[in-house]
Amino acid sequence: MPDTKNINEWEPDFDIPDDPDAPKAAEDLAAFDDLEGLPPGCEEFPAIPLRGMLVFPYSAVHLDVGRAKSIQALDEAMLTGREIFFAMQKDVQSENPDQEELYDVGTIASVKQVLKLPGGTVRLLIVGLCRAKLEYYSQLEPYSVAVVREFPDEPETNKRRALKLEALKRRLKEAFSAFAALNKKYPPEAANHINGLENPGELADTVASYLFLPLEERQRLLEAFDLVQRMEMLLGMIAKETEILDLERKIGTRVHNQIDKNQREYYLREQLRAINRELGDGEDRSSEIEEYRQRMEGRNLPDYVLERLEKEFARLGHMPTLTAEGNVVENYIDWVLDMPWGEYTEDNLDLAKAEQVLNEDHFGLTKVKERILEFLAVRQLTNSLKGPILCLVGPPGVGKTSLAASIARALGRKYVRLSLGGVHDEAEIRGHRRTYIGSQPGRIMQYLKNAGTANPLFLLDEIDKMASDFRGDPASAMLEVLDPAQNNTFSDHYLEMPFDLSQVLFITTANVEADIPEPLWDRMEIVRLDSYTEDEKMQIALRHLLPRQLQEHGLKKGQLKLSENALLEIVRTYTREAGVRGLERQLAKICRKVVKGIVAGKWEKLSVSRRNLKELLGEPPYHYDLVDKEDQVGVVNGLAWTAAGGDTLTVEAQLLPGKGNLLLTGQLGDVMKESAQAGWTYLRSIGEQFAIPEDISNLDVHIHVPEGAIPKDGPSAGVTMACALASAFSGKPVRRDVAMTGEITLRGRVLPIGGLKEKSIAALRAGVKTVVIPKGNKRDLAELPQVVRDNLKFVFAETLQDVLHVALR
């Protein structure tokens, strides 16, 4: 419990030294004040600034004191038995306000009770005594002492003013009683207290303390030294507040009457329904229900749907027209009848025609096309195969989305596409329950309704970019959609009836396989789309991209001729991507230049070759590294996989005097640094073969991978860095026409890597003749393009010794 003390029991929070010359009594203090030379009629009081409040004379107020200076001022007042001057500060944020930041007029008050609270705060009960005006501060530290002039309410001697005060006093009592009767915040005791006051000054200040006024208005009342002026101001404020309360009461009455009117109408409607029910007559819903029944005719609706619709018809028949609940039921019935229950389109089972359509729209992509043809073949024999759930994984721009549309055209199915990028609400998939205002089915059901068939090709785009938050996890809701064992009874929260999704051919797309939620990944058949080779990009450009751009720009076939060398230059130096989006943008840029020249009369047609390519597209933004012209010591050609395809990676090693440190630069990731450490450790274990001394405490080994602004990581450069070190120590140059890739272990074993197709294409482009790869990747050679296998020699390595045997001269 807090410690509560009366004034006579107050103990200061600081030590007061004994001073024989200090005054010991109130009379001595008064004599001491006279010696200070205060202005006539002024007195000194400890001062405490108030934040967000003020004190009126004759009013009792509780307040908390927490600032150090204020507590010391309180201690001084308690010790000397003096009152305190309270003034409101203008800025409540100020911690140490000066005289300019305080209002000049405040209140002298006496402290009646002190309550110590935890944390050093003190709670006071004070009673205002009289108004006072601040003249100046005679002391600021360690607490503030104010010199003030008091303005007490003196008895009125002028007979005329006394009569006016009496009239104002009576009017103020009446006005406050009427105001308190309207305002429920005031108890009856407040008006009784006011009516019992006879002193005009006490009456005015007590009424002012009762009113809920803005601080500026309260300060104006405090600064009104003239009692007549103060009471007239109060009457004006009470009249204004009374008018506002009266308006609020009228508004509340109007709203209440409107509610009563609505309730009366509802009661009458309920009576009318009861009368109609007794007479056997329904409300005007029969025509609507008949229209719904006509829409049901000839449709193969499941029994549970028919049963649910009959229940909804019965509910609708007993509802008044133009009611919110009736509209909700009508909307639900419309949705149920719009869904394609048991409505299917026939698949095109002609394999030759389907293959022709797929080849017309896309070049390459053999795996996906083969999988679709297999589905059609099995469907042709069984006629009951559920739709497979394929996931096309590949970098941007390789044609995943457009391939899905092409598959739909080949199968003769309707095509719908749902983008899942950024979806983070489970209701987007399953819908909202009917209890919510404005609820509707999820997007799965909405898109099926738009398709008008229960077996469309449904593309779920960017499934690796779904998110989750407090509204639920949409990936969990997708589990039922994409599970062939469950999706034949998929239940939407809005429809609340199972819908068969087993005949829907779901195709999903993703850029990064690792970002797909694992439960979803387990339910899908992953088909990986690799990046295109240069030859594939050129074929796609000649067969699809260039004809489309010519048509979109209004060019005839003979008005633009693009040589193969120019097209190859665009692929190599104006784009760096796994797909062909950037390539199509460059072709569109050329078409715009040609159209502009034709319209301006510069030419009627244009042939684009490598010579005039820069005039149309500017300087090429990219370049591909070619192998060095001569063999070098400590320089090795590595191979890397990137999101834009493959690239060559030069690794350099250099020896220099030092302290036995291994320096790794080029913005390498942790995995790549660990691979370098593993290769260096293995080389030291067989150091006698490469002239590596046992004591290398006086040597530093520096490995650098150029293009340091680009982050690099992964274990596949392990053999490359180890080969560079072996060359640097042995002094043997590395063959410039050899490139390598592979992870190395502490025992010198070479482990398999990924991205072999992209890396091999990069090696061929850079002029490499021989590629050293792990023996475990031998099975992947069949997946490489024929042009790569024809122009590169692949050497399979099991250990680092195998790599060095091929690479070092």
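This is a predicted model: local features need pLDDT of at least 70, side-chain atom pairs count only at pLDDT 80 or more; totals for chains, interfaces and linings use all residues.
**Cavities**

- Rolling a probe the size of a water molecule over the atoms shows where empty space is left.
- Here a cavity is a set of points, on a 1 Å grid over the protein atoms alone, where a 1.4 Å probe fits but cannot get out; a pocket is an open set with protein on both sides within 12 Å along at least five of seven lines; and lining residues have an atom within 4 Å of a point.
- Grid points are joined across faces, edges and corners, and a volume is the space filled by probe spheres set on the points.
- The whole structure holds four cavities of 30 Å³ or more.
- The lining of the largest cavity includes Val-627, Asp-628, Glu-630, Arg-735 and Arg-736. By class, this lining has three nonpolar, two polar and five charged residues (Ala, Val, Leu, Ile, Met, Phe, Trp, Tyr, Cys and Pro count as nonpolar, Asp, Glu, Lys and Arg as charged, and the others, Gly among them, as polar).
- The second largest cavity contains about 40 Å³ of space, and among the residues that line it are Pro-57, Tyr-58, Cys-130 and Asp-205.
- Six nonpolar, no polar and three charged residues make up the lining of the second largest cavity.

**The largest pocket**

- About 1,000 Å³ of space lies in the largest pocket, which is lined by 38 residues.
- Nearest its centre lie Arg-528, Leu-529, Asp-530, Lys-757 and Glu-758.
- Helix 12 (366-382), strand 14 (525-528), strand 17 (635-642) and helix 24 (756-766) are the elements that give two or more residues to this lining.
- The pocket lining divides into 18 nonpolar, 10 polar and 10 charged residues.

**Nonpolar cores**

- A nonpolar core is a set of buried Ala, Val, Leu, Ile, Met, Phe, Trp, Tyr and Cys residues joined through side-chain atoms within 4.5 Å; buried means under 20% relative accessible area, exposed over 50%, and partly exposed in between (1.4 Å probe, protein chains only).
- The largest of these cores has 52 residues, and Ile-444, Leu-482 and Leu-501 have the most contacts inside it. Helix 10 (residues 324-338) gives the most to this core, with six residues.
- Leaving aside neighbours within four places in sequence, Ile-444 is in contact (heavy atoms within 4.5 Å) with residues including Leu-418, Phe-458 and Leu-501.
- A second, separate core has 51 residues, including Ala-354, Leu-403, Tyr-532 and Val-580.

**Salt bridges**

- The whole structure has 39 salt bridges, each a side-chain nitrogen of Lys or Arg within 4 Å of a carboxyl oxygen of Asp or Glu.
- Arg-51 and Glu-95 form one of them, at 3.0 Å from N to O. Arg-51 lies in the loop between strand 2 (42-50) and strand 3 (60-65), and Glu-95 in the loop between strand 4 (84-88) and strand 5 (105-116), so the pair ties together parts that are 44 residues apart in sequence.
- Arg-51 is partly exposed at 36% relative accessible area, whereas Glu-95 is exposed at 52%.
- Glu-312 and Arg-308 also form a salt bridge, with their closest N and O atoms 3.5 Å apart. Both residues are buried, and they sit four residues apart in helix 9 (residues 303-317), separated by about one helical turn.

**Backbone details**

- Most residues other than glycine have a negative phi, and most peptide bonds are trans.
- A cis peptide bond joins Glu-141 and Pro-142, with omega about 0 degrees. Pro-142 is in the loop between strand 6 and strand 7 (145-151).
- Tyr-58 has a positive phi, near 70 degrees, and is in the loop between strand 2 and strand 3.
- Glu-496 has a positive phi of about 60 degrees and is found in the loop between strand 11 (490-491) and strand 12 (498-499).

Key:
Residues are numbered from 1 along each chain as its sequence is written. Side-chain values use heavy atoms; hydrogens and water are left out.
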